[in-house]
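This report describes the overall build of the two chains shown below.

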Amino acid sequence: MRKIAVIYSGNASHHRTFTEPRYKQYIDSLIYLPEFLNTSLEGVEVLFVPSQLNEKLLLQAKEKIIDFAQAGGIVVAFGPQPWEWLPNQKWEERETNFWWWLEKDAESGLVLAEPTYDLFNYITLEDATWHQHGVFWPVEGAQKLITTEDGGAVMYVDKVSTNGTWIITTLDPDYHFGSYFMPATERFLDGFIPWLAKGEM
Amino acid sequence: MAQVNPILYLDPGHAFGLSNRTNPFMTANFTLVDQYSLTEMDLSSFNCIVVHDFADQEYLYKNKSIIEDFLNEGKIVIFCGHLFKEWLPGCPIFTPRNIQSHKDYEIFVEKQHPIFDGVSTDDMTYNKGVAGFFSRVTHAPIPANAEVLLTFHDQMPITYIDRYSTKGTILVHAGRDLFALRMQNKSTDRISNQLLQWIEDEFKELQQGGNQS
């Protein structure tokens with residue numbers, strides 16, 4: 001199993017999500033965000049950067065996270081990213097499609113771009129389907145896993161921008177599960193976190 | 001020096017809250033600061049602190065004496081969220097609702113109150129016919145003598161006012177930021193302005209020694 005460290009914001013939803021025993025069993029340590037710069041990442045293989053982190057502290061952490069990836073580490077980033085901190089970040093904010101499922105003949109607009117990717121032995125596209133806050137336009141050579149119909153990336157893997165691996169998604173199940181809303185987000189985490197610990201990337 | 005707005009809104013600095021920094025309602029009614037400024041601020045010019053559901057509660061717990069001292073000066077703290085560390089006097093750790101049906105999310109008025117005046121419970125319970133946005137947890141048992149405003153069908157409290165745990169007034173709402181309930185074209189739009197008015201009225205009462213009356 002990979003050694004996973006999660007950056008912990010101290011907010012209520014992250015407290016629930018990352019202390020939930022089903023997920024905690026795969027998490028080696030929680031690094032409290034205000035202490036991140038003073039915490040050693042020695043031995044950490046996966047650094048999980050949840051959604052909705054404090055802007056100032058996240059941007060202060062940027063260099064250390066990039067250094068971790070340059071040393072070959074795996075970085076996971078969840079949620080909308082209005083601030084520049086990901087390598088080759090091209091984030092496009094879109095109006096959140098909260099209500100698509102109430103429409104007749106509802107389509108979420110999500111496309112499984114790499115059905116043979118190992119993650120999809122752990123989750124289905126339905127498990128990743130609730131709403132999106134925007135899309136990424138990844139750098140050439142990155143692998144899009146889930147996209148919108150127009151090809152914007154909802155989830156992608158970037159092994160080209162640094163020496164490490166970036167698993168980046170606009171989805172924010174860490175928030176929704178942690179705030180007791182939206183069952184699909186729980187199914188997502190039930191598969192995603194075990195995959196992160198032992199799946200093929 | 002320009003007059004500061006007397007309501008201090010601790011901004012968690014999260015992505016969803018970015019628009020608050022420039023939103024006219026927010027800039028007109030609050031002094032918005034990064035949450036981590038709390039320990040460095042002179043709080044004497046503020047009457048009320050608003051703590052958001054995305055707040056870093058580890059930080060608040062570590063600095064809970066600041067909150068308690070502020071309240072004991074006869075001031076107001078509003079917390080909307082799920083309390084998981086005991087940083088707010090009298091407020092117990094939240095309990096999530098056990099949801100069997102959408103009825104378990106239904107909102108009931110326990111006591112008519114100016115904050116929710118003219119707001120229909122249906123508008124609180126449902127958003128485009130979907131229940132669960134307004135509240136999904138409870139803080140129980142509430143502190144002694146606290147005044148419950150809203151509950152679930154089984155009397156579990158959603159929103160309460162506590163004038164007894166400190167010399168000030170604490171408003172706890174087990175849901176998202178009440179000030180964010182705006183521009184939805186339903187009666188819940190009334191809450192944000194009515195809550196602002198309540199802060200003003202409550203602070204006057206507190207200053208006149210009206211607490212615990």
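## Basis and contacts

A contact means heavy atoms within 4.5 Å. Among contacts in chain B with a separation of 6 or more, 64% join residues 24 or more positions apart; in chain A the corresponding share is 68%.

The model is predicted, with local features needing pLDDT of at least 70 and side-chain atom pairs counting only at pLDDT 80 or more, while totals for chains, interfaces and linings use all residues. Side-chain values use heavy atoms, without hydrogens and water.

## Secondary structure and dimensions

Helices (H or I, at least four residues) and strands (E, at least two) are DSSP runs. Chain B contains five helices and 12 strands. Its radius of gyration (over C-alpha atoms) is 16 Å, close to the 17 Å from the globule rule (2.2 Å times the number of residues to the power 0.38) for 213 residues, so chain B is as compact as a globular protein of that length. The C-alpha trace of chain B spans about 50 × 40 × 30 Å along its principal axes.

Chain A has five helices and 10 strands. For its 201 residues the globule rule gives 17 Å, and the radius of gyration of chain A is close to this at 16 Å, so chain A is as compact as a globular protein of that length. Its C-alpha trace spans about 50 × 35 × 30 Å along the principal axes.

## Burial and charge

Buried residues (under 20% relative accessible area, 1.4 Å probe, protein chains only) form 58% of chain B and 62% of chain A.

With Lys and Arg counted as positive and Asp and Glu as negative, leaving out His and the chain ends, chain B carries 17 positive and 26 negative side chains. Chain A has 15 positive and 28 negative charges. Charges are placed at NZ of Lys, CZ of Arg, CG of Asp or CD of Glu; the centres of the two sets lie 3 Å apart in chain B and 4 Å apart in chain A.

How values were computed
Residues numbered from 1 in each chain as written. Chains lettered and ligands numbered in written order. Buried < 20%, exposed > 50% of the residue type's maximum accessible area, 1.4 Å probe, protein only.
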